[in-house]
Amino acid sequence: MTITIKVPALWRPLSGGGSRISLQANTVAEALGELIKQYPQLDSQLFNERREVNQALNLFVNREHIRYRGGMTAPLQDGDEVYIVQVFTGG
């Protein structure tokens, strides 16, 4: 099944300039794995040294946070969109 990953603007130089990347995946984890296969330089942006999703990111499937869909094992349907959203903090 084909899904689309929406890439944050700051990462586009690392993803060939594209804002939307289509790939085949059945879960959020598979989608991120496929993304890294295509663009290995995104690995350190997505994951920390313990292979956990970077705390400065939120992941959504069709605008619903993955924590409400089963986390990284959340199933994907054909045509779903996975959004990677960077969290900016500071004061």
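Among contacts (heavy atoms within 4.5 Å) in the protein chain between residues at least 6 apart in sequence, 50% join residues at least 24 apart. The model is predicted, with local features requiring pLDDT of at least 70 and side-chain atom pairs counted only at pLDDT 80 or more, while totals for chains, interfaces and linings use all residues. Residues are numbered from 1 along each chain as its sequence is written, and side-chain values use heavy atoms, with hydrogens and water left out.

Two helices and five strands make up the secondary structure of the protein chain, in the sequence order β-β-α-α-β-β-β. The radius of gyration of the protein chain is 12 Å, close to the 12 Å that the globule rule gives for 91 residues, so the chain is as compact as a globular protein of that length. This radius is taken over C-alpha atoms, and the globule rule is 2.2 Å times the number of residues to the power 0.38. Helices (H or I, at least four residues) and strands (E, at least two) are DSSP runs, numbered from the N terminus. Along the principal axes, the C-alpha atoms occupy a box of roughly 40 × 30 × 25 Å.

Of the 91 residues, 36% count as buried, the classes being buried under 20% relative accessible area, exposed over 50% and partly exposed in between (1.4 Å probe, protein chains only). The accessible surface of the protein chain is about 5,300 Å², and carbon and sulfur atoms contribute 50% of this area. Accessible areas come from the Shrake-Rupley method with a 1.4 Å probe; for residues, only the protein chains shown count as cover.

Asp80 lies in the loop between strand E4 (64-65) and strand E5 (81-86) and is buried, at a relative accessible area of 7%. Its side chain forms a polar contact of 2.7 Å with the side chain of Asn62. A polar contact is a pair of N or O atoms within 3.5 Å; within protein, one must be able to donate a hydrogen and the other to accept it, and residues adjacent in sequence count only if both atoms are side-chain atoms. A polar atom of the Asp80 side chain also lies 2.7 Å from the backbone nitrogen of Gln77. Leaving aside residues up to four places away in sequence, Asp80 touches Thr2, Ile3, Thr4, Val61, Asn62, Arg69 and Pro75.

Arg51, in the loop between helix H2 (43-46) and strand E3 (57-61), has a positive phi near 65° and is partly exposed at 48% relative accessibility. Arg63, in the loop between E3 and E4, has a positive phi of about 75° and is exposed, with a relative accessible area of 68%.
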